[in-house]
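Visitor: I am new to this structure. Please take me in for a close look at a single part, and set it in its surroundings as you go.

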Amino acid sequence: MCRLFIGAEPQLWEPQTRSMRLDGVCTSVRLERFFWAILEEIGRRDGLTLSQLVARLSRECAEAGHDPANFASFLRVCCGRYQALQLMGEIPVTQNVSIGSLDSERILERERRRHAVALTPSRRQAEAASFSATS
């Protein structure tokens, strides 16, 4: 199983530091190349450069009252969510549809419902029973 992951190109996990201006302040962000590539794809969908996308994420994160203490982790989670939402069919795989054109409130509501179903007590009991039966 792990061969699928360890056989990937080592450049994917090579860290890369990018300098940019966030809210008028010059800063550096260090992420693996894999994540930079995903962020560039997300930005392209809405006609944003990488720096513009990261600045917008930073600003909107602050406006929402989130702690920017670990902004690099936030960016990694954004990338993971982007890909997960694509797999769920919430974000079209075709890149000619902008992220900004999507109904984010409806997507988030459907996501909350999926999580609520996944966390119901009967679902947890069924998964625990399934796990113990296979162990």
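Guide: Among contacts in the protein chain between residues at least 6 apart in sequence, 45% join residues at least 24 apart. The model behind that figure is a predicted one. Buried residues make up 23% of the chain's 135 residues. The chain holds six helices and two strands. Read from the N terminus, the elements run α-β-β-α-α-α-α-α.

Now the close look: the meeting of helices H3 and H4. H3 covers residues 50–63, and H4 covers residues 71–87. Their axes come within 11 Å. They cross at roughly 110 degrees. Angles of 65 to 115 degrees count as roughly perpendicular, so H3 and H4 are roughly perpendicular to each other.

Which residues make the contact? On the H3 side they are Val-54, Leu-57, Ser-58 and Cys-61. On the H4 side they are Phe-71, Phe-74, Leu-75 and Cys-78. Sort them by class, and seven are nonpolar. One is polar, and none is charged.

Next, the surroundings. Start with the two strands. E1 spans residues 15–22, and E2 spans residues 25–32. They pair in the antiparallel sense, over eight bridges. Take two positions in E1. Pro-15 stands opposite Glu-32 in E2. Gln-16 stands opposite Leu-31 in E2. In a regular strand, side chains alternate between the two faces of the sheet. The hairpin of E1 and E2 has two residues between the strands. There, Asp-23 takes a positive phi near 55 degrees.

Then look at the aromatic rings. How many aromatic pairs are there? The count comes to two. One of them joins Phe-34 and Phe-35. A pair of aromatic rings is described by the distance of the centres and the angle of the planes. For Phe-34 and Phe-35, the centres lie 5.4 Å apart. The planes stand at 80 degrees. Planes over 60 degrees apart count as edge-to-face, so this pair is edge-to-face.

Are these two residues buried or exposed? Phe-34 has a relative accessible area of 33%, so Phe-34 is partly exposed. Phe-35 has 17%. Buried means under 20%, so Phe-35 is buried.

Back to the part you came for. H3 and H4 cross at roughly 110 degrees, through a contact of seven nonpolar residues and one polar residue.

Note on methods. Residues are numbered from 1 along each chain as its sequence is written. This is a predicted model: local features need pLDDT of at least 70, side-chain atom pairs count only at pLDDT 80 or more; totals for chains, interfaces and linings use all residues. Side-chain values use heavy atoms; hydrogens and water are left out. Axes are lines fitted to C-alpha atoms, for helices over the stretch in contact, and angles run from 0 to 180 degrees between N-to-C directions. Helices (H or I, at least four residues) and strands (E, at least two) are DSSP runs, numbered from the N terminus. Angles under 35 degrees count as roughly parallel, over 145 as roughly antiparallel, 65 to 115 as roughly perpendicular and the rest as oblique. Contact means heavy atoms within 4.5 Å. Ala, Val, Leu, Ile, Met, Phe, Trp, Tyr, Cys and Pro count as nonpolar, Asp, Glu, Lys and Arg as charged, and the others, Gly among them, as polar. Two strands pair if DSSP finds at least two bridges between them. Rings of Phe, Tyr and Trp (its six-membered ring) pair if their centres lie within 6.5 Å; planes under 30 degrees apart count as stacked, over 60 as edge-to-face and the rest as tilted. Buried means under 20% relative accessible area, exposed over 50%, partly exposed in between (1.4 Å probe, protein chains only).
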